[in-house]
Amino acid sequence: MKKQGLAMSAYISTIGSVATKTLGMISTVYISNRIGAEGVGLYQLAMTIYMMAYTIASAGMSTSVSKLVAEELGKGNSKGVKRIMKVFFLISIAASVTISGLVFINAPFIANHVIKDSRTILGLRILSLSVPFMTVSSCLKGYFYAVKKMIKPVSSDVFEQIVKVLMVIVFLQRWGNGSLAHACGAISLVMTLGEVFSFSYMVFLYTTDPDRRHNRGISTSRGIDIFIQIIKILLPITLTAYLSSIITLLQNVLIPLGFRKSGLTQMESMSMYGMIEGMVLPILFFPVALLTASSTVLTPEIARAKARNMSERIESLSGRTIHLIMVLAMIVVSVFGNFGEELGLLIYNNRQVGHLLQFFVFITPFMYIEIVIDGILKGLGEQNSCLIYRIIEAILSVVLIYYLLPIKGVIGFIGLNIGINILTATLKMRRLIKVTTIKINVSKWFFYPALAATAAGMTAKVIVIYLLPQHSSLLTQVTLGVAIALNIYYIALHLLENLTAQDLAGLDIRRKV
C-alpha cells in the first residue's frame, strides 16, 4: 500500500476519527436512553478501572512505537524497525496479560472497596479480558502511524465502532431491561468483543504489510540495547499515563462523593456524574476528532524533523497546527454556547445536559490546545516536561475536587476544570516556546478566530429565534443554526484574512521530511 504524505495522513486520520466519534456518539445516546443517567454513571465508574488497567499495561506504547520507528525510518534502517517491534510485542503481551489477570481476580475487591458499588463486578471481569487485545493493537497502530499508512489503523477503529454499535443495540435489547448490573455487563461484553475484532484485523494488516519484508540498513543493536532505549523513552510517558490513570480514578470516586456532600442524594449524585461523564463530555469531545488526528500524525513527523535538525519544519508544523486548532476551538465554544440547551434536548431529551454543556464548553480552547501541544512536545522528546505538568495538574485537581465540590457542587466542578485546563495549556505553551523558535501570533491564532466565532454564533442564534417559524422542529432549529454559524464563521475568517490558502496548505502532502 502506498504511503501517505502528511496532509493525506492527517486527512485520512481526521475522516476516520470523525466517523469513529459519530458512531461512538450513537452508541452513547442509545445507552443513555436505555439505562438512564444512573446506569451511565455506574458504567463510567467501571470504565474508569478498565481504562486504568489498559493504561498500566500499554501506557505510551503507541506513541513510543511511532516515535522510534519514525526515527529508524528517517535513517533508512528497516532492520532496526523489526527489532523494535519484536521487543514492543514482548513487553506489551507480558504487561497486559498480568494486568488483565489481576483485575479479573480482584474485581470483587475493586468494586466493593474502590468503586464502592458491587454492581460493577461482572462488568469489570468482562472488561479485563480485553486489555491484552487493546495493548497489542496499540503497538500495531503506532507502527502504521510511523510508516504513514493511516488508512489501516483508521479503518480498524471505524470497523470496531460499527461492530460495537450493532452489538450494543442487540445486547441491551436482551439485557437492558433487567438490573443495572446485567446492563453494565452487557455493555462490557460489547466492548471486549469489539476489541477482539479490532485486534484480529490489525494483526492481519500487520502480517500482510509488504514493507515488513524490506531489510535496508544495518541493525547492530542487541535486543537488550533496544529494550533499554525503549524504556528510556517509554518511562516518562508511562509514568505520566500511570499518574493520569490514578488521578482519574481518584477524581471519579471523589466526584460523586463530593456531590453527595454538597446536598445531593446518592441517586442524584450518580445521575449528575453520569450526565457529566457519560453525556456532556462525549458531546464536548466530539469535535476533538478533528484535532486528535493532527496530534497523532504530528508526533512522528516532529520526531523525523528533529532527527534531521529541521527546526524551520518543526516551527512551521507547530504554528500552523496550533492556529487551525484554535480556529476549531472558537467555533465550538460559540456553537455549543449558543445552542447547548437545544443540543441537550435534541440528543438526550434532557435540558439539564444542555445547560451543563453551555458551561463546560469554555474549557475546550485550553483543552484542545493542550492535546496538540502535548503531541508536539512528545515528538521533540519532551516527555519529562509533560510528566511534570501532569503531576502539577493531578495534585491541583484532586485537592480542589476534595475541598471545593462539597461547598460549591457542580459550579465548583466546572470552575476548577476551567482553571486547571488554563494552567496546563499555559505551561505547555511556555515549554514549546522555550524548546523551539516558534513565535506566538496572538491576533491571528486567538483574537480574530474568537471575534469571528462570537459574531457567527450570535447572528445564527438571532436568525433562529426571530426569523425561523415558531413551529419549526428542534432538529430544524439546531441544524439551520449550526449551518448558518459555520458559514458566517468561514466567511468572516476569510474577510479578516485569518484563514488563507497558505494556512490550509500548511500540511502540504508534497512537503515530506
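User: How many helices and strands does the protein chain have?

Analyst: The model is predicted. Of the 513 residues of the protein chain, 56% count as buried. The secondary structure of the chain comprises 18 helices and 0 strands.

User: What share of the accessible surface of the protein chain belongs to carbon and sulfur atoms?

Analyst: The accessible surface of the protein chain comes to about 21,900 Å². The part that belongs to carbon and sulfur atoms is 65%.

User: How far apart are the end C-alpha atoms of helix H16, and which span should its residues give?

Analyst: Helix H16 covers residues 442-466, which is 25 residues. At 1.5 Å a residue, these should span 36 Å. The computed separation of the end C-alpha atoms agrees with this, at 35 Å.

User: At which residue does H16 bend?

Analyst: The bend amounts to about 25 degrees. Proline 449 follows within four residues of the bend, which lies at tyrosine 448.

User: Against which helices do the buried residues of H16 pack?

Analyst: The buried residues of H16 include Trp445, Pro449, Ala453, Gly457 and Val464. The buried residues of this helix pack against helix H12 (311-348) and helix H17 (474-495).

User: Is leucine 396 buried, partly exposed or exposed?

Analyst: Leucine 396 lies in helix H15, residues 383-435. Together with Ile388, Ile392, Leu400 and Leu423, Leu396 makes a nonpolar surface patch of about 360 Å². Buried would require under 20% relative accessible area and exposed over 50%. Because its relative accessibility is 35%, leucine 396 counts as partly exposed.

Terms used. Residues numbered from 1 in each chain as written. Predicted model: local features only at pLDDT ≥ 70, side-chain atom pairs only at ≥ 80, totals over all residues. Heavy atoms only, no water. Helix = DSSP H or I, 4+ residues; strand = E, 2+ residues; numbered from the N terminus. Expected span 1.5 Å × (residues − 1). Bend = angle between axes of the 7 residues up to and from the residue. Buried < 20%, exposed > 50% of the residue type's maximum accessible area, 1.4 Å probe, protein only. Contact = heavy atoms within 4.5 Å. Patch = residues over 30% accessible without salt bridge, like charges linked within 9 Å, V, L, I, M, F, W, Y side chains within 5 Å. Areas by Shrake-Rupley, 256 points an atom, 1.4 Å probe, with all protein chains shown as cover. Salt bridge = Lys/Arg side-chain N within 4 Å of Asp/Glu carboxyl O.
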